[in-house]
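Here are my notes on this entry, point by point. Please read them alongside the model.

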Amino acid sequence: MSLPAIRLAGLKKSFGASEIIRGVDLDIHPGERHAIIGPNGAGKSTLFHLISARTPVSAGAIELKGENVVGLKPFEINRKGLSRSFQITNIFHNLSVFENLRCAVLWSLGYRYSFWQRLAGLKDAQLRAEAVMEDIGLARRRDTPAGILSYAEQRALEIGITIASGADVILLDEPTAGMSNNETEEAVALIRRVTEGKTLVMVEHDMGVVFGLADRISVLVYGQIIATDTPAAIRSNAAVQEAYLGTSVHHD
Amino acid sequence: MSRAASDVVFRRGRLLLWGSCLAVAFALPLVFKTGFVISLLCQMGIMVVFALSYNMLLGQTGLLSFGHAVYYGLGAFVSMHVLNLIGKDGGPLATALLPLAGGLAGLAAGVVLGYVTTKKAGTTFAMISLGIGELVAACALMFPGFFGGEGGVSGNRVVGKGTLFGMTWGPQVEMYGLIVVWAFVAVAAMYALTQTPLGRMANAVRDNPERAEFVGYDTQRVRYLMLILSGFFAGVAGGLTALNYEIVTAETLNAHTSGVVLLMTFVGGIGFFYGPVIGAILITVMQIVIGGLTHAWLLYFGLFFLFMVLAAPGGIASVISMQRALWQARLLGRMVPHYLATAIPVLVLLAGLVGLIELAYALLAGEGATAGDEATRVLGMQLHLHSAMPWAAALAVSAIGAAGLYWLGGRMKRALHQSLETMNGGKA
């Protein structure tokens, strides 16, 4: 069996006296689509921040493809092939859609901090950015500043920036938050398409999305994972129903 | 296809624009032959480079620096010392290349000082840049061996024998030619930089440093590299200043100079590459022309800055860009009568305010220095300070102007608002 894409062991995070993540152990297999669900304030976003190094870890270990990544900076983790999106749209507002995506591919193509190459001459960066733009359905908005896109378009761009570098471990934080039913459907199709063959971890509130996309689901309650299993098993898990899902699982 | 075609047209247009700017720059001394104008043009060329180098930080990377004169000033001092060092062994070629020494000095200063300042962005960067600026300015007075103390360091740009393309750089007009060449090379290089991976990632770091980190970029490194490169170009401008004035004083690296370059860049417009060019030209003209007309020029300067920040926070370039968009949407024609109508009360108000300011300035300054000087010249008129007449007249003119501006300016604003609505509505 290959190494887990992400392994969390005894992961803890405290802000002052309050412990938000209270010892999380979790293995995420390469190539699986894994959803993390849980009530508000369970620590789902914090867990993402810890994995992506946005927030420093208090205790425990995080391994990315078998390598300890605790203490690395966000850009170092990104360079190791982990890319994430944000719950609150996090894009380059004054840059055009195309420039947003081109910025997202530059490092992975090895252009680093080059100030001796013309961007216009970097065909691979241009083609890659255009391919992603096509993928996320924003080709006709190519030159529009990202800041004036519609909300759903910004969310699509957010996903586009996240996957553009070709990272093989993708973290999506509530990718469909605030979307209408139609938009959600499109977003799910988009996520399915662009994460093909990659490891996907997502935090999501929409149970339709979760049960439609995920191979496995982890339920995070009050900073601890109380169950990790297939959607069907989670649906019938008594502890999960009692602790969190209640009735909402049945109406999907 | 159409994108590629429009790119070609765009590129040709840009080439034409740069070419005609260069041609105009070289033609100007043929039209204006007075020493005053040529000196003015020299100062403009230097300030264009300096302001553009500043905008690499402010506009492109989002770093508000209060100490950019440090790189400019150190470039100037090092250039002057190099000039004096090569002395008789040098020649016109060495002189022509001297701004490169200034650039390298600015770059070295950027490597050392930037390492500290660019650790953080935002307010922290602004504060540290202010601190470093004060530190270096204080050093300038503490180490007269290098900085020349109060008198500064002077030199002679005509060194050695012979000529370069017939130039000795002695006459001011030859110096102007050298400045134009250097300015164009520097401006082209700074423009090219905006079209590179580092240049684009600087914009990304400005817009959203967090996201930049999550696409693999060390934002601290991006800021550091941009500051070093910006220091280089500021140093080039410093080197040109040293050659142009043949004297460098501590003023070139103090907070006042840092303030002026911030002002130029901001007034011109930080969101556009060419914004600081406009700002540098305009402010230089204001400094020298208005400075020659009235002692109260700093006051006008301050009022103008205040007006720009309030009325056009995007700078002159943003106003131009808006007019171009209106023109492309065939809406500019509708606005022109409004602009002309608004210009009338603006001029009236300006005349009234100038009258008031000059009267007040003459009265206050006269009390100390030349007591008994009861008259002052304002807009060519001889006015008596101690009679009520000129004061009342200036006040009345101001009031009429203000009332007219309130009425016509309001109409212009509404018309502009409507035009912009039409334009944006038509697009969506």
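**Notes on the predicted model**

1. Start with the division of chain B. The model is a predicted one. Chain B splits into domain 1, covering 24–301, and domain 2, covering 329–427. Their centres, taken over C-alpha atoms, lie 34 Å apart.

2. Next, the contact between these domains. Domain 1 of chain B contributes four residues, and domain 2 of chain B contributes four residues. On the domain 1 side, two residues are nonpolar and two are polar.

3. Now chain A. Its secondary structure comprises nine helices and ten strands. The C-alpha atoms occupy a box of roughly 60 × 40 × 40 Å along the principal axes.

4. How does the radius of gyration of chain A agree with that of a compact globule? A compact globule of 252 residues would have a value near 18 Å, and chain A has 18 Å, so the two agree.

5. Burial and contacts in chain A come next. Of its 252 residues, 42% count as buried. Take the contacts in chain A with a separation of 6 or more: 66% of them join residues 24 or more positions apart.

6. Last, the interface between the chains. Here 30 residues of chain A are in contact with 24 residues of chain B. On the chain A side, α2 (74–79), β6 (82–84) and α3 (97–106) each provide at least two residues. By class, that side of chain A holds 16 nonpolar, ten polar and four charged residues.

Conventions:
Residues numbered from 1 in each chain as written. Chains lettered and ligands numbered in written order. Predicted model: local features only at pLDDT ≥ 70, side-chain atom pairs only at ≥ 80, totals over all residues. Domains from an automatic or database assignment. Contact = placed C-beta atoms within 7 Å. Nonpolar A, V, L, I, M, F, W, Y, C, P; charged D, E, K, R; others polar. Helix = DSSP H or I, 4+ residues; strand = E, 2+ residues; numbered from the N terminus. Rg over C-alpha atoms; globule rule 2.2 N^0.38 Å. Buried ≥ 20, exposed ≤ 12 C-beta atoms within 10 Å, placed from the backbone.
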